[in-house]
Amino acid sequence: GLEPVQREYRLYTAVTNANGPTNVLITRVGFGTNATADRAYARRWDEDSVYSIRLREYTLMPGEAWQLRDHRIWKFATNQVAKITVKEGGEVREVLRQPGGEWVGVKGFANDVNPFAMEEVALGLGDLHALMWVARGEGVRAKFGPPVSEVSVTLGGEKPQVLTVEFVGRSPLLNPYGLVVIDGQPVVFEFPWTLYADLQR
């Protein structure tokens, strides 16, 4: 499974001194798979040994350099949240967070809002991380199609801000695909399943 290597990662130093060598190789790791086993293989360039990892771990590893970026989508505190809106199939559910921390359903709620569940959802959305970066660029909207649902968080304060995640399908591992705009560019990522289930409830 390692001849030839199917994927290789190289780590280099970043030297700030212009007089010295730059981009010195620290280590190099090659990966490959074997169709007869549910494993992937890895080998360091400075060792003869071959390591075995789960195939799932290999498939989740980044295939492009930009996928190595920090997996954090955004960060905010629950007390910054003014409103959470969920749109799905033409239906809109909207809940407001009062200054005292109470949650009030204003659209799409027949019963009282569970304040503890809403705090958990707000906490999860406030520290949203991608499980895996999938795709980016203007072509992703055409590739993944229109959103099946979306969630928007309105942050209060002097400059109100609206943060939106569009859901555009499922990954092979059945995690939802989320689409957000980062640095003016649409990016698709695997959205955490547990948080998605909480949003659905």
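In what order do the four strands of the open sheet stand, and is their pairing parallel or antiparallel?

## Basis of the model

This is a predicted model, in which local features need pLDDT of at least 70 and side-chain atom pairs count only at pLDDT 80 or more, while totals for chains, interfaces and linings use all residues. Residues are numbered from 1 along each chain as its sequence is written, and side-chain values use heavy atoms, with hydrogens and water left out.

## The open sheet

The four strands follow the order S1-S2-S3-S4 with antiparallel pairing (strands are DSSP runs of E with at least two residues, helices are runs of H or I with at least four, both numbered from the N terminus; two strands pair if DSSP finds at least two bridges between them). Because strand S1 (7–12) and strand S4 (51–54) each have a single partner strand, they stand at the edges, and one side of each is left without a neighbour in the sheet.

Strand S3 (residues 39–44) pairs with S4 in the antiparallel sense over four bridges, and Tyr-41 has Ser-52 in S4 as its bridge partner.

## The largest pocket

The largest pocket has a volume of about 440 Å³ (a pocket is an open set of points on a 1 Å grid over the protein atoms alone, where a 1.4 Å probe fits, with protein on both sides within 12 Å along at least five of seven lines; lining residues have an atom within 4 Å of a point; the volume is the space filled by probe spheres set on the points, which are joined across faces, edges and corners). Of the 19 lining residues, Phe-109, Met-118, Asp-198, Leu-199 and Arg-201 are the closest to its centre.

Helix H2 gives the most to this lining, with four residues.
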